[in-house]
Amino acid sequence: MFLIAFLFMAASAKAENPLLGSWLFNASQAPWEYSKGKVIFVQEEDKDITGKIVFDSGIELRIAKITRKEEKITFEAFVEGYPVRTIVDLKDDDMRGHVETPDGNLPFTAKREQPEE
């Protein structure tokens with residue numbers, strides 16, 4: 001029962017806002033400690049979407065700002081005190097775009113994390 005309820009809620013959230021959920025990302029040209037991990041977007045009742053980035057290295061950052069214009073998503077965070085902006089196109093369960101850093105732009109991809117069955 002719990003699994004069915006969980007899957008229904010996940011499908012409902014995705015239909016309501018396709019950004020919500022956990023995304024496994026890869027930014028292969030970033031320093032190793034920032035190159036892989038998860039971006040997690042959540043929305044509490046009647047509130048704006050918030051999120052965090054959890055790198056495989058164990059570093060965790062709060063996303064400072066999230067904006068969405070149709071299929072284009074922008075989210076911003078501060079990495080070691082520097083502003084970093086990620087701009088992606090969202091299509092189904094894929095994100096593709098780039099990360100704007102003080103050292104230049106880096107390619108960024110992410111796939112929606114599928115719940116284990």
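Guide: Let us begin with D46, which is found in the loop between β2 (36-43) and β3 (49-55). Please bear in mind that this is a predicted model.

Visitor: What is the phi of D46 near?

Guide: Phi of D46 is near 55°, a positive value in a residue other than glycine.

Visitor: Is D46 buried or exposed?

Guide: The relative accessible area of D46 is 80%, and the residue is therefore classed as exposed, the cut-off being over 50%.

Visitor: Where does D92 lie?

Guide: D92 lies in the loop between β7 and β8. Its phi is likewise positive, near 55°, and D92 is not a glycine. With 60% relative accessibility, D92 counts as exposed.

Visitor: Which side chain meets that of K72 in a salt bridge?

Guide: The partner is D89, with a distance of 3.0 Å from N to O. This pair links distant parts of the chain: K72 belongs to strand β6 (residues 72-79) and D89 to strand β7 (residues 82-91), 17 residues apart.

Visitor: How is the accessibility of these two residues classed?

Guide: K72, at 39% relative accessibility, counts as partly exposed. D89 is also partly exposed, with a relative accessible area of 40%.

Visitor: Which side chain forms a salt bridge with that of R112?

Guide: The side chain of D93 does, at 2.9 Å from N to O. Here too the pair links distant parts of the chain, since R112 is in strand β9 (residues 104-112) and D93 is in the loop between β7 and β8 (94-101), 19 residues apart.

Visitor: Is R112 buried or exposed?

Guide: R112 has 12% relative accessibility and so counts as buried, the cut-off being under 20%.

Visitor: Which residues are linked in a network of salt bridges?

Guide: E76, R85 and E100 are linked in such a network. Within it, the side chains of R85 and E76 meet at 3.4 Å, N to O.

Visitor: How are R85 and E76 classed by accessibility?

Guide: R85 counts as partly exposed at 35% relative accessibility, and E76 counts as partly exposed at 23%.

Methods
Residues are numbered from 1 along each chain as its sequence is written. This is a predicted model: local features need pLDDT of at least 70, side-chain atom pairs count only at pLDDT 80 or more; totals for chains, interfaces and linings use all residues. Side-chain values use heavy atoms; hydrogens and water are left out. A salt bridge is a side-chain nitrogen of Lys or Arg within 4 Å of a carboxyl oxygen of Asp or Glu. Helices (H or I, at least four residues) and strands (E, at least two) are DSSP runs, numbered from the N terminus. Buried means under 20% relative accessible area, exposed over 50%, partly exposed in between (1.4 Å probe, protein chains only).
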